[in-house]
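This report goes through selected local features of a two-chain model. The sequence and structure are shown first.

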Amino acid sequence: MNYSANEMMTIAAARALSDRDVCFVGIGLPSAACNLARLTHAPNLVLIYESGAIATRPSVLPLSIGDGELCRTALTTVSVPEMFRYWLQGGRVTVGFLGGAQVDRFGNLNSTVIGEYSRPKVRLPGAGGATEIATSCGRIFIVMRHHPRAMVRKLDFLTTLGHGPTGVERRQLGLQTAGPTLLVTDLAILEPDPVTKEFTVTSLHPGVTREQVRANTSWDVIFAEPLQETALPTALELETLRDLNARTAEAHGAAPALT
Amino acid sequence: MPSFLPLPAAVEALIRDGDTVALEGFTHLIPFTAAHEIIRQRRRNLTLVRMTPDLVYDQMIGAGCASKLVFSWGGNPGVGSLHRLRDAVENGWPNPLALEEHSHAAMANAYSAGASGMPCAFFRGYLGVGLPDVNPNIRFVSCPFTGETLACVPAHRPDVAVIHAQKADQAGNVLLEGIVGVQKEAVLAARRSLVTVEEIVDSLNPASPNSVILPSWTITAIAPSPGGARPSYAHGYYSRDNSFYVNWDAISRDRASFTEWMNENVHARRTA
């Protein structure tokens, strides 16, 4: 079957979740990946949205983090203060799934501003839940499209802590959680080097070249040896994702497709 | 016992220029109709507090109601930027907007602290990130028992909280269900509170024992406002108008189309 780079990205991200995970879901690309995992290999995956929905099983992807579908299909829905205190800060989430506008080589994220904070060129939405998701969840997966303006040498603003600006700050702060362990893009899978914590390409998606990845990464990206090739999407993965996106488009009217 | 008032009278009585006002509702039960009345009454220099300043604050900021925003995530969920918020921050239109920026965890804890009568909230957060450098209201304390570094922010104590709920009974007790967000905390943290409701009923029964109920003595005024959360939604009454959220991107992108939409859909309309 033919597939798009975005479909490959969502499918590769979905595969990283296990049936035993409890996952705090960001909106957009993370939400598509998490629900694809639940509808394929991880039927017992517990999805938590910051609006309060716990163990939700939406039949269409929510447009917002608090669509009614999330509450209607949840095991329970709690208040937002309870969500952030008992569930997230309480250490009851194994994986946080995040995106952002910029990521650096150590998995730090910016979703605050492009340019100076006091005189921004582009004012982005801000931290939302990400700042504490990144330090309270057992580990963090990041999903983002590969682009030189997204994969940057230096963040314009550090919204969400990965391994720290030089890769050591997270450890120095004494955080007990692992931080970012996976970065999935539309070109490749990157994982942190066990020692330096620098995100290194461990798998190229089928048909993608090292040159493409270099051209779309602003830091001098390192490739692991041996370098893997990401398994092709299966028919089940593609059909499930396309069904989910079709149901979502129908439910939201003019909503943008997430393929 | 709260006053039952028509919405224009309630806004006139409770909200003054220069107030700190929190309109809450986490995607669900967003008090749009109340916001439109605040815009029509041309309130100015408000400090607007809200975890997720989405379309409702984009409209209030673009209409010139706000001089400061206290928030943790300002976007059109699943769609993109808030163009009126960006125009105010990037270009000072229609007036400059000061920002006090937090994370969701900080905002939720600050509301809880306000509801609890505490001066501040502390929690595990803000480690290793940039916001404490640009927001002097983010500080750190050591746990007196373990020495752990904890983040500390002032409690939210708004002058007025404005929320939308499903029902009030004749005695003025209010019920909300579904995604209940941070509204209970916002009302209990505020000095005054305005609740718009889908309907006023003889009895809240059969309310589940675990429904969020705000007892009558915690509320200043109730205004009936069927459909008062549109284009967001009211669980059990109507669904979220997702296509409007998508269309808002084009409406709000430039000042002229925004102003025209506001004139037609807010200023030209009166609430009962």
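The model is a predicted one.

## Domains of chain B

Chain B is divided into two parts: domain 1 takes in 3-102 + 157-267, and domain 2 takes in 104-154. Taken over C-alpha atoms, the centres of domain 1 and domain 2 of chain B are 25 Å apart. Where the two domains of chain B meet, 20 residues of domain 1 are in contact with 14 residues of domain 2.

## Helices

In chain B, helix α1 (residues 7-14) packs on helix α2 (residues 32-40) at an angle of about 65°, and the two axes lie 10 Å apart. The crossing of α1(B) and α2(B) is right-handed. On the side of α1(B), the contact is made by B:Leu7, B:Pro8 and B:Val11; α2(B) contributes B:Thr33, B:Ala34, B:Glu37 and B:Ile38. Sorted by class, this contact has five nonpolar residues, one polar residue and one charged residue.

In chain A, helix α2 (residues 29-39) is mostly covered, with ten of its eleven residues buried. The buried residues of α2(A) include A:Ser31, A:Asn35 and A:Arg38, along with A:Leu29, A:Pro30 and A:Cys34. Among the elements of chain A that cover them are the helices α1 (5-15) and α8 (235-252). Strands take part in the covering too: β1 (22-25), β2 (46-48), β5 (95-98) and β10 (139-143) of chain A are included.

## Four residues in their surroundings

B:Glu100 sits in strand β5 (residues 98-101) of chain B. With a relative accessible area of 11%, B:Glu100 falls under the 20% limit and therefore counts as buried. Its side chain makes a polar contact of 3.2 Å with the side chain of B:Lys68. Apart from neighbours within four places in sequence, B:Glu100 is in contact with B:Lys68, B:Leu69, B:Val70 and B:Phe71, and also with B:Asn135 and B:Asn137.

A:Asp67 is placed in the loop between β3 (53-54) and α3 (68-72) of chain A. A:Asp67 is buried, at 5% relative accessibility. The side chains of A:Asp67 and A:Ser64 are joined by a polar contact of 2.6 Å. When neighbours within four places in sequence are left aside, A:Asp67 is in contact with A:Pro62 and A:His252 of chain A, and with B:Thr27, B:Ile179, B:Tyr233, B:Arg240 and B:Asn242 of chain B.

B:Arg124 is in the loop between β6 (120-123) and α6 (131-134) of chain B. Is B:Arg124 buried or partly exposed? B:Arg124 is partly exposed, because its relative accessible area of 38% lies between the limits of 20% and 50%. A polar contact of 2.6 Å links its side chain to that of B:Glu148. Not counting residues up to four places away in sequence, B:Arg124 touches A:Gln89 and A:Glu132 of chain A, and B:Glu148 and B:Leu150 of chain B. From B:Arg124 to B:Asp159 there are 35 residues in sequence and 28 Å in space, C-alpha to C-alpha.

B:Leu214 lies in strand β12 (residues 212-214) of chain B. B:Leu214 is buried, with a relative accessible area of 0%. Beyond residues up to four places away in sequence, B:Leu214 touches B:Ile163, B:Gly172, B:Asn173, B:Val174, B:Leu176, B:Lys184, B:Val187, B:Leu188 and B:Ile219. B:Leu214 and B:Ala186 are 28 residues apart in sequence, and their C-alpha atoms are 11 Å apart in space.

| Side chain | Partner side chain | Polar contact |
|---|---|---|
| B:Glu100 | B:Lys68 | 3.2 Å |
| A:Asp67 | A:Ser64 | 2.6 Å |
| B:Arg124 | B:Glu148 | 2.6 Å |

## Backbone geometry

In chain A, a cis peptide bond joins A:Glu225 and A:Pro226, with omega at about -5°. A:Pro226 belongs to strand β14 (residues 223-229) of chain A. In chain B, the bond between B:Arg230 and B:Pro231 is a cis peptide bond, with omega at about 5°. B:Pro231 is in the loop between β13 (221-224) and α8 (242-251) of chain B.

A:Lys197 is a residue other than glycine with a positive phi, near 70°. The loop that holds A:Lys197 runs between β12 (188-192) and β13 (199-204) of chain A. B:Asn45, also not a glycine, has a positive phi near 60°. B:Asn45 is placed in the loop between α2 and β3 (46-50) of chain B.

Technical notes:
Residues are numbered from 1 along each chain as its sequence is written. Chains are lettered from A and ligands numbered from 1 in the order in which they are written. This is a predicted model: local features need pLDDT of at least 70, side-chain atom pairs count only at pLDDT 80 or more; totals for chains, interfaces and linings use all residues. Side-chain values use heavy atoms; hydrogens and water are left out. Helices (H or I, at least four residues) and strands (E, at least two) are DSSP runs, numbered from the N terminus. Buried means under 20% relative accessible area, exposed over 50%, partly exposed in between (1.4 Å probe, protein chains only). A polar contact is a pair of N or O atoms within 3.5 Å; within protein, one must be able to donate a hydrogen and the other to accept it, and residues adjacent in sequence count only if both atoms are side-chain atoms. Contact means heavy atoms within 4.5 Å. Axes are lines fitted to C-alpha atoms, for helices over the stretch in contact, and angles run from 0 to 180 degrees between N-to-C directions. A crossing is left-handed if the near helix is turned anticlockwise from the far one by less than a right angle, and right-handed if clockwise. Ala, Val, Leu, Ile, Met, Phe, Trp, Tyr, Cys and Pro count as nonpolar, Asp, Glu, Lys and Arg as charged, and the others, Gly among them, as polar. Domain bounds come from an automatic or database domain assignment.
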